[in-house]
Amino acid sequence: MWIYDKKLEFPVKIKKKDPKLAKLIITQYGGPDGELGASLRYLSQRFATVTPQAKAVLTDIGTEELAHLEMIGAIVQQLTSDLSIEEIKANGFDAFYVEHGLGVFPQSAAGAAFTANAFQSKGDPVTDLYEDMAAEQKARSTYEYLLDMIDDPDVAAPIKFLREREIVHFQRFGEALEYVRQHLSANHYF
Amino acid sequence: MNMTLYKLTQLDFCAVDLQLYLDTHPGDTKAIAEYNKILTEASALRSEYERKNALTAKNPSATDKFDWINEPWDWEAQYN
C-alpha cells in the first residue's frame, strides 16, 4: 500500500510561465522514457523478481518514480497556470488546449498519449533488470536534452535533481542485477 | 518555503537515498546508523511541522475542520 505525503521530493517553485517548455517537459510525465512508465515498469516487474535486494530496489525505485511524476506534473502546471488565449495561441499551445484545456495529460512531447507499449515486464529477473538500467539511461539522456532547452534556473533546478536520480537508480539496478546473477548461478540456472 | 518544511524535505530525501543504498548494502552498519539518525531527526521535525499543517491524512486534525484538505497543495507554487 501507499500513503500520500503532502510535499514534493524536491521543491518546484516557478515564477515565469512558459507553455512552449511545458509542452516539451510533459514528455517526462507520459512519454516513452517518462516517470509514469518507469514507475509502472518497476512496480510490475517486482512480482516476478528474485532476491530480497531486487524486490526492495524495484519497490523503492518504483515508488520514488511516482514522486518524480508528481514533480513533473507540478512543473507543467506551474509553467501553464492562468494562460490567456493570446498566450496559448502565440506559444503553439493551441493543439494541447483544445484536447486538454490547461489540464495535465500523460503524453509525449510529440503529442502521443501514454502507452504501456514503451516498457516490458518479461517475467525474467535478469532481462527485466537490464531493461531497467537502459531505462534509467534513456531518462537521463532525455533530461539532458531538456536541459539544453531550459534557460530558467527555477525550472532547471528540479530537472537537474531528476537527472541525478536516474544515475543513482542505474547504479542500484546494477547492484541488484549482481545479487540476482549470484542467486541464479547458485541454483545452476546457468 | 516554510523553513521547517524545507529542512524536513532535505532530511526525507536523505532517508530515501540511504534507504535505496541499504537495499543493496544491507550489512553496512555505518549506513544503518546514519539512516536511523536521519529518521529520528526527520520524525521530530515532522511532528513540529504537523502541529499546524497536515502532511498525511492520518495526522490528528483540528476538531472544527479537517486539516488535510487545506490549500495550497504541494504541486502549487505557493506551497514550495
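View 1. Of the 80 residues in chain B, 12% are buried (20 or more other C-beta atoms within 10 Å of the residue's own, with C-beta atoms placed from the backbone). This is a predicted model, in which local features need pLDDT of at least 70 and side-chain atom pairs count only at pLDDT 80 or more, while totals for chains, interfaces and linings use all residues. Residues are numbered from 1 along each chain as its sequence is written, with chains lettered from A and ligands numbered from 1 in the order in which they are written.

**View 2. The fold of chain B.** Here you will find two helices and zero strands (DSSP runs, H or I of at least four residues for helices and E of at least two for strands, numbered from the N terminus). Chain B is more spread out than a compact globule, because its radius of gyration of 15 Å is well over the 12 Å that the globule rule gives for 80 residues (taken over C-alpha atoms; the rule is 2.2 Å times the number of residues to the power 0.38). Its C-alpha atoms fill a box of roughly 50 × 25 × 20 Å along the principal axes.

**View 3. The fold of chain A.** Chain A has eight helices and zero strands. Buried residues make up 41% of the chain, and the C-alpha atoms fill a box of roughly 65 × 35 × 30 Å along the principal axes.

**View 4. The largest nonpolar core.** This core has 39 residues (buried Ala, Val, Leu, Ile, Met, Phe, Trp, Tyr and Cys joined through C-beta atoms within 7 Å). Elements of chain A giving two or more residues to it are α1 (19-25), α3 (35-45), α4 (52-80), α7 (125-149) and α8 (153-186). The most come from α4(A), with 12 residues.

**View 5. Around A:Ile25.** A:Ile25 is among the residues with the most contacts inside the core. Leaving aside neighbours within four places in sequence, A:Ile25 is in contact with A:Ile72, A:Ile75, A:Val76 and A:Leu146 (C-beta atoms, placed from the backbone, within 7 Å).

**View 6. Where chain B meets chain A.** In this view, 18 residues of chain B are in contact with 27 residues of chain A. The chain B side divides into 10 nonpolar, five polar and three charged residues (Ala, Val, Leu, Ile, Met, Phe, Trp, Tyr, Cys and Pro count as nonpolar, Asp, Glu, Lys and Arg as charged, and the others, Gly among them, as polar).

Terms used
Two residues are in contact if their C-beta atoms, placed from the backbone, lie within 7 Å.
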